[in-house]
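Here are my notes on the model you sent. Please read them with the structure open.

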Amino acid sequence: MKKKQRILIVLHENFFPPFKGYRKIALDRINILSKSYLIDIIMPAKNSMGMGQWKSNKNINLYTINFNRNYLYIFTSLIKVIPGQTALYSNNKFKGYVYNIAKNKKYNAIYTYTIRSIENIPFHLLNYNKFILDLIDPPSQGLINRAGKSIFLFPFYIIEYFLVKLYEWRLGNIVNKTVLISKRDKKYISQNQKKFLLFLIS
C-alpha cells in the first residue's frame, strides 16, 4: 500500500463549535482531506470540547495550545505593515509550538484558512512542498462591505482594507495555490490569477 502523504494545517483559533460559516466550510474540507492524507492540525484551544470527530479519526493528529491574544498587536500592525486581523492572532509562543511539532516532519503541503494564521507559521524552518491558502471568502471585499455600513468605523475598515491588499500581494511570493469558494471572488484578490484553485458552488 502506498504511504499517505502528510499535510500540516495551522488554524488561528479553536474551530469548535463550528457556528461560523467559515468554520463549517473548513471542517468539511478537513474531513475530505483526511480521507486521502495524514493531517497534523495545530490550533489554539482552552479545552477539547466538541473535538471528538477529529480525535477519533485515525488520519488526524490534533495538537492544541492555550494562549491569550494581545489586542495591542492590532496597533503594531501599522508598524509591521500587516493587517490588524493577522497581527491580533499572531503569537510567538504559538509559532514556537508549531515549529516544535512540525520541525522533524516532511509535509506535502502546509494548508491554512484565512490570512490570520500565516504569521504563526515558520515557513523558512519547515520541510514542505507547497503552501495552500484557503481564503473561503475574499477578506478585502468583506472589509469594503463593512465600511459601507458604519460611518464611525469607516476609517478603520479602509486602513485595514489597504493593509490586507498589500499583504495579499506579498503572499503571492509564497503561496502556491489560493482556494476560494467561487469564480466571482477571484477579481477581489491581489494575487497571481494562475494560482487559484476553486471550490465551486452553484
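**Notes on the predicted model**

1. The lining of the second largest pocket divides by class into eight nonpolar, five polar and four charged residues. The model is a predicted one, so please keep that in mind when reading the pocket.

2. How big is the second largest pocket by volume? The volume comes to about 360 Å³. There are 17 lining residues, and those closest to the pocket centre are Asn 14, Pro 44, Ala 45, Lys 46 and Arg 69.

3. Now the overall layout. The protein chain has seven helices and seven strands. Along the sequence, their order is β-α-β-α-β-α-α-α-β-β-α-α-β-β. The chain is 202 residues long, and 48% of these count as buried.

4. Contacts across the sequence deserve a look. Take the contacts in the protein chain with a separation of 6 or more: 56% of them join residues 24 or more positions apart.

5. Strand S2, residues 38-44, contains Ile 42. Is Ile 42 buried or exposed? Ile 42 counts as buried, because its relative accessibility is 0% and the cut-off for buried is under 20%.

6. What does Ile 42 touch, apart from neighbours within four places in sequence? Its contacts are Leu 8, Ile 9, Val 10, Leu 11, Tyr 63, Phe 94, Tyr 97, Val 98 and Ile 101. Phe 94 illustrates the reach in sequence: Ile 42 and Phe 94 are separated by 52 residues along the chain, yet their C-alpha atoms are 9.1 Å apart in space.

7. Next, the aromatics. The structure has eight aromatic pairs. In one of them, Phe 15 with Tyr 22, the ring centres are 5.8 Å apart and the planes meet at 75°. The pair is therefore edge-to-face, since planes over 60 degrees apart are classed that way.

8. Are Phe 15 and Tyr 22 buried or exposed? Both are buried. They also belong to one aromatic cluster, together with Tyr 111 and Tyr 113.

9. The charged end of Arg 23 sits over the ring of Phe 19. The distance from that charged end to the ring centre is 4.8 Å.

Notes:
Residues numbered from 1 in each chain as written. Predicted model: local features only at pLDDT ≥ 70, side-chain atom pairs only at ≥ 80, totals over all residues. Heavy atoms only, no water. Phe/Tyr/Trp six-rings, centres within 6.5 Å; stacked < 30°, edge-to-face > 60°. Buried < 20%, exposed > 50% of the residue type's maximum accessible area, 1.4 Å probe, protein only. Lys NZ or Arg CZ within 6 Å of the ring centre and 35° of its normal. 1 Å grid on protein atoms, 1.4 Å probe; cavity = no way out; pocket = protein on both sides within 12 Å on 5 of 7 lines; lining within 4 Å. Points joined across faces, edges and corners; volume = space filled by probe spheres on them. Nonpolar A, V, L, I, M, F, W, Y, C, P; charged D, E, K, R; others polar. Helix = DSSP H or I, 4+ residues; strand = E, 2+ residues; numbered from the N terminus. Contact = heavy atoms within 4.5 Å.
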